[in-house]
Amino acid sequence: MAGIRSTRTRTSRVGANPPLSGTARDTIRGVTGTLISVAPTGAETPKSKAPALPVTLDELVATAKECEAAGAAVIHVHLRDANDASSLDVGYAKEVVAALHEATDLIVQLSTGGAVTDPEEARLAVLDAQPDAASLTCGTVNFGDDVFLNRPAFIAEMYTRMQERGVVPEFECFEPGHLATVERLVGKYGPPYGGHVHVDLVMGVPGAMPGNAGMVAACVAILPDGATFSATGVGRTTLPVMLAALAHGGHLRVGMEDTLTFAAGEPVRDNAQLVERAATLATLAQRPPLSPRAARELLGI
Ligand code: KMH
Ligand code: ZN
């Protein structure tokens, strides 16, 4: 079933876009390539616990360059303030978007999730920074000892503002039920900006859906028609989720937002190490990393 679905998806994407010429990374666009997103920072881990975490503008730019060289096409950005706390400051977000565009070809995707404590208005205002793309969490979810609140009306407001502002959403699903919300949003408000639905399965968050091969298969079975998906597994679910996503024709998100341990007892060196591993596995699966240019084509950016 999953194979049938991914074949259908590929056919519709290839039919919708003219073929690309260019580098080897470009020639496999939409058919056999893998979109690799890096989520280098997140909102939860303090710099003191993971010194390699990029939290300043200079650290973010350096990380972005290294991860692009290693095979990433998208960077999912959380901002930190001078005290290492989650920040949704629009002025700073604009500065970060410009700096990342200046230094790399990466698709810049700002987090609208922020931290569980961030208020709705500040999360919506992130779109004013005019990123290429932004995350859109599709439902409320238990999040460790906390609750990550995403009310239906808030999700709808975020989605329609993205349509108005020309920001491509990545539909973040922490639970299978969130996939039903993706269908409902598209059914009620029309297609997203860019015209293509790309879902990110965030798996293995304590209190949310587990990260394992069976869960990936279950989610793939209920993806909206024509959608593509990425998956990321938090903590020790990273590898099973990555391997299962590749097996199902999916794409990958990796990074220190989700994973701080590279192997048992071995802390992650830096974000590029996680991108390198994803790129190696994707290449072994005969679906090497998509270039940022090919990723733009895939996502409608
Ligand atoms: N930090 C989580 C509460 C997103 O970036 O959009 C939310 C999150 C999702 O990371
Ligand atoms: Zn995030």
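**Helix packing and the strand barrel in a predicted model**

Helices α6 and α7 pack at an angle of about 55°, with their axes 11 Å apart, where axes are lines fitted to C-alpha atoms, for helices over the stretch in contact, and angles run from 0 to 180 degrees between N-to-C directions. The two helices α6 and α7 are therefore oblique to each other, given that angles under 35 degrees count as roughly parallel, over 145 as roughly antiparallel, 65 to 115 as roughly perpendicular and the rest as oblique. The crossing of α6 and α7 is right-handed; a crossing has this hand if the near helix is turned clockwise from the far one by less than a right angle, and is left-handed if the turn is anticlockwise. Helices (H or I, at least four residues) and strands (E, at least two) are DSSP runs, numbered from the N terminus.

The model is predicted, and local features need pLDDT of at least 70, side-chain atom pairs count only at pLDDT 80 or more, while totals for chains, interfaces and linings use all residues. Residues are numbered from 1 along each chain as its sequence is written, and chains are lettered from A and ligands numbered from 1 in the order in which they are written.

Eight strands close into a barrel with parallel pairing, in the order β1-β2-β5-β6-β9-β10-β11-β12, and two strands are taken to pair if DSSP finds at least two bridges between them. Neighbouring strands of this sheet are turned by 25° against each other on average, direction ignored.

Strand β9 (residues 168-173) is mostly covered, since six of its six residues are buried; a residue is buried if 20 or more other C-beta atoms lie within 10 Å of its own, exposed if 12 or fewer, and partly exposed in between, with C-beta atoms placed from the backbone. In a regular strand the side chains alternate between the two faces of the sheet. Both faces of β9 are covered, with Val168, Glu170 and Glu172 buried on one side and Pro169, Phe171 and Cys173 buried on the other. Strand β9 is paired in the parallel sense with β6 (residues 133-137) over five bridges, where Leu136 stands opposite Phe171, and with β10 (residues 198-203) over three bridges, where Glu172 stands opposite Asp200. From β9 the chain crosses through helix α7 (residues 177-189) to β10 in a right-handed β-α-β crossover, a term that applies if, with the strands pointing away from the viewer, the path from the first strand over the helix to the second runs clockwise.

In helix α8 (residues 213-221), the residues Met215, Val216, Cys219 and Val220 are buried. Seen down the axis of α8, the buried residues fall within an arc of 135°, so they line one face of the helix, the arc being that of the directions from the helix axis to the C-beta atoms.

Thr228 lies in strand β11 (residues 228-233) and counts as buried, with 20 C-beta neighbours inside 10 Å. Arg151, in the loop between β8 (146-148) and α6 (152-165), is exposed, with 11 other C-beta atoms within 10 Å.
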